[in-house]
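Please keep the sequence and the model in view while reading.

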Amino acid sequence: MMRSWMLSFLLVWAIGTSAQHLHFNQHEISVDLLRSNPTCLYRHHNGVIHIGTQEGLVDFDGLKKYEYLRSDGGSEHVTALFHDGATLWVGYEDGAIFHLNNQSLTPWIIQEGWSKSKITDIVRDKAGQYWISTYGEGIYVFADQVLYNIDSDDGLGSADIYSMVSDKKGQIYVATESGIFVCRFASGQKKISKLSFSAEVDSDVIQEIKLDPIHQVLYGTSYDDGIWQLDLNTKSATKINGLSGNIGSFDHNIGHLIASKNDKSESKLFQVKAGITQRLYADGLEGDLSITQTMLDEEGTLWVLCKNNGLLSADASFVTYPSTLFPTQAVLKIGPIIYLGDENGLFRTNEKGETNVLIKDENILSLFHAVYTNEIWAGTFGNGIFIIDIATGKIKNINESSGLINNNVFSIAQHQNDVWVSTLAGLQQISQYGEFKKSWNKKTGLRSDYNYTLFADSKDNLWIGTDGKGLAYMDRNNQLTTSGDRETVISITEDAKGRIWFCNLDKGLGYIENGKITPFGLEKGLSELHISGITSDNKGNILAFHHTGIDVIDSEKLTVLCIGNNIGIRKWDQNINAFYKDKSGSIILTHKDKWIAYEPKQHKIAHPTLFIKSVMCGQIKLPYDETIVLAYDQNDFQVEYAGIWMNDPKAVTYRYKMEPLDMEWRYTKDLKLIYANLPAGKYKFDIQCGINQQFFTSSTGKWTFTIKAAFWQTWWFYLAIVLAIIGLIMWWSETKNKRSKFMQQMQTEQVKSQLETLKSQINPHFLFNSFNTLISTIEKEPKEAVVFVEKLSDFYRSMLQYRDTDLITLQEELEIQENYRFLLFQRFRQNLNIKVNITDSKMIYLVPLTLQILTENAVKHNIVSATKPLEITITREGDQLKVCNNLQLRLTAEKSTHFGLQSLSRRYLSITGKEIQVEQTEKYFCVTIPLIKV
């Protein structure tokens, strides 16, 4: 009778609507959202949060927001959002649809055009066809690049559509003002039928629907009549208990339903799990909630879009309940009942906060549920073990007087079919019915008599955590084996790989694999070394509890994620091993004046996801999946990114590497990287995000690109330069050799010229003629003879003075010519007439003795007599000097070497690059000399 009453009492607790608390975080974007009037919320595969507002689309990565506006000037009021894995589809109030792809918002333009009705939902079916629902014009289906319309003429109950969902079979469920319809479209054929159920839904107006594909259950909100659970297999309809009336918004994810219910000016939150509806209270906020939309993402995070609080989030895996019992030392959960032991006794409580005392004035250290006898074993400090019969409430005590080896019981566990207790005097084996069997201590091989914890693994080994003596374990045959070093072990568990994990006092974790102990501390990503306890979740991942939260260690990759700030834990005050995990994997934790129900996530541990906003190299936007070749001046690499981890966005760190510039990873918390003026070459860029120096290769950004070298940096340009230099050196060497030879030749010719000139002037004929002229003059005009000697002396002095000079002025040359003319005049008198027609002779240069050589040449080859006087004219014509004589060649030509004109020609060609010009007619002989300006 007592057992029946107790079970009935527990059943009432189980089905009653109870109160739970979630810690909500208000995000910095909230103030801006309130000004923009948010309308809808969407998240795809743990990516950024997409928020539709009346003033445009907003993306939020946990730290920053990104705004996107239409380019066509249409309405910015966003009414529907959908992500197909590559592209975000955005529906607007005016019927337009845009794509957000690679951070660019572009209109979706189709030949048929769009209606002017509001877009209410967008989905894609199994065949890849897109379905767009409107409020006023039914449904549009985009298939094979053609747009089809489905409305009431096709059997759809109403043209006003609220929402849609797609199942794995390719069927589309449509919520309308006339009920729920099932639509299919294949090969141009439309198939529409209305869903009917054995129990009629109170209202045909279905506003929002969600599909549970695993259980083939459809959830829908009816107008002012709560949420209905519609079983697609049995065609049954059941109203969810506790959720009647006006439902504002709801979402469903893996057996977990969250709903907001409008009650006057306030929105109330509820969750439904395993058929139990519970009220959720929001902690961490001021004021009531005014909810626009709720969303459960793949991480198990509850997102709430509010009119008065903006964007809120809470980890729905952590639900807290107020408690007056603390500090708690032992926890046990049986069904909906929580047993808490502290220094003052053992207490029983439930999710409503109803508490009563089971054992008073006892210091409870450990709790254990003996399933076969349905009893609770409570180990105490100083008074042995109390055994409570759950059905009858009867309590008995076993202690040293009744056979217990010690009254201080730290841990109780089941090994084989017996109960094992750890005391200050070693271990004791007791049957489930309280019969004492055997005990172990230091004398019988146990490392220490003081043992903090016991743990039974999947291989029927009982692990023992000692005080300062490491680990030991008892196998299925009760053979004792020691393991580990001399450390104090306070908690033990096992992961999915069969590794035994343990935590040392203030020294972090370690695990045993194949008999080898591996430490696991801060260098592996652990947040804290002071661990109060460890256990494993239903996936075999390790949970380590510390004062800032919970470290979740992935048993596959041994990566660590810390959760804590997002659930309101700033400094967790928890005793050693003050937690309990039941068979379903749910964990009960304690914290000061509350106890926490934690349900580890049903999916894989959510690692930070790398969100790339833009990657630019120069002015080129780099694609993600191909190598691009850039010009030499497109060499500025810039990437903007964010690590999406909504649990704690500020805890995300990044590492990156630009090969071949970076030989090792570089670490940063910045959200933008710039490489300026990259040299030419091939580059590979990698970036990863992580938590606590744990980086996850599954979320990596990779780009490869090549920057071409400028033409002056290419090998062929270098080769051309080398060849040009070699050619230049060869040309310079050849030119130098030719110049050297030419100069040697010129010097030789100059010496020869000087010698010939000197010889011509001092040859016997010239001297004989000069002396004869001098004798004749002395006899007739002694004074002129003196002048003759002076002129002759000046002439020879000039030849000696200028013989080593390359150039002299025209004025100096005329002075030499005047002395030479005087000497010839004394010989030939009026038979030789030399006329000089030059007015400006300054700053004009020529080769020394040019006029003397040309004058001598004329006298040497022409008749000079009274009957045939010789006339020589010297005139300047621009940059040239012209020397002419009347042509009256001697009958007997004087022997000549022809050296004079040839020598002059080569010297002028060398100096000016121009040759002298020789012109001979029947009457005249002329030589034109190029003058030189310096």
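## Basis of the description

The model is predicted; local features require a pLDDT of at least 70, side-chain atom pairs count only at pLDDT 80 or more, and totals for chains, interfaces and linings use all residues. Residues are numbered from 1 along each chain as its sequence is written, and side-chain values rest on heavy atoms, with hydrogens and water left out.

Helices (DSSP runs of H or I, at least four residues) and strands (runs of E, at least two) are numbered from the N terminus. Two strands are said to pair if DSSP finds at least two bridges between them.

## The second largest pocket

The second largest pocket has a volume of about 1700 Å³. Of the 48 residues lining this pocket, Leu367, Ile412, Ala413, Leu454 and Tyr580 are the closest to its centre. A pocket is an open set of points on a 1 Å grid over the protein atoms alone, where a 1.4 Å probe fits, with protein on both sides within 12 Å along at least five of seven lines; lining residues have an atom within 4 Å of a point. Grid points are joined across faces, edges and corners, and the volume is the space filled by probe spheres set on the points.

Several strands each supply at least two residues of the lining: β31 (330–334), β35 (364–370), β39 (409–415), β43 (451–456), β47 (489–494), β51 (533–536) and β55 (579–581). The largest share, six residues, comes from β39. By type, the lining comprises 21 nonpolar, 19 polar and eight charged residues. Here Ala, Val, Leu, Ile, Met, Phe, Trp, Tyr, Cys and Pro count as nonpolar, Asp, Glu, Lys and Arg as charged, and the others, Gly among them, as polar.

Four strands form an open sheet in the order β11-β12-β13-β14, with antiparallel pairing. Because β11 (118–124) and β14 (146–150) stand at the edges with a single partner strand each, one side of each is left without a neighbour in the sheet. Six bridges link β11 to β12 (residues 130–135) in the antiparallel sense, and Val123 stands opposite Trp131 in β12.

Another open sheet of four strands, also antiparallel, has the order β35-β36-β37-β38. Its edges are β35 and β38 (395–398), each with a single partner strand, so one side of each lacks a neighbour in the sheet. Strand β37 (residues 385–389) is joined to β38 by four antiparallel bridges, with Ile398 in β38 as the bridge partner of Ile385.

In strand β28 (residues 301–306), six of the six residues are buried, that is, under 20% relative accessible area, with exposed meaning over 50% and partly exposed in between (1.4 Å probe, protein chains only). In a regular strand, side chains alternate between the two faces of the sheet. In β28 both faces are covered, with Thr301, Trp303 and Leu305 on one side and Leu302, Val304 and Cys306 on the other. Strand β27 (residues 291–296) pairs with β28 over five antiparallel bridges, and in their hairpin, with four residues between the strands, Gly300 takes a positive phi near 85°. On to β29 (residues 310–315), β28 pairs over six antiparallel bridges, and three residues separate the two strands of that hairpin.

Strand β32 (residues 337–342) has six of its six residues buried, so it is largely enclosed by the rest of the structure. β31 and β32 form a hairpin with two residues between them, and Gly335 in the turn has a positive phi of about 65°. Val331 has Leu340 in β32 as its bridge partner. A hairpin through two residues then joins β32 to β33, and these strands pair antiparallel over five bridges.

## Helices and a loop residue

Helix α6 (residues 810–828) has 19 residues and reaches 25 Å between its first and last C-alpha, close to the 27 Å expected at 1.5 Å a residue; the expected span is 1.5 Å times one less than the number of residues. Just after α6, Arg829 takes a positive phi of about 50°. The twelve residues of helix α7 (residues 850–861) should span 16 Å, and its end C-alpha atoms are 17 Å apart, which agrees.

Asp467 lies in the loop between β44 (462–466) and β45 (471–474) and is partly exposed, with a relative accessible area of 29%. The C-alpha atoms of Asp467 and Glu487, 20 residues apart along the chain, are separated by 7.1 Å.
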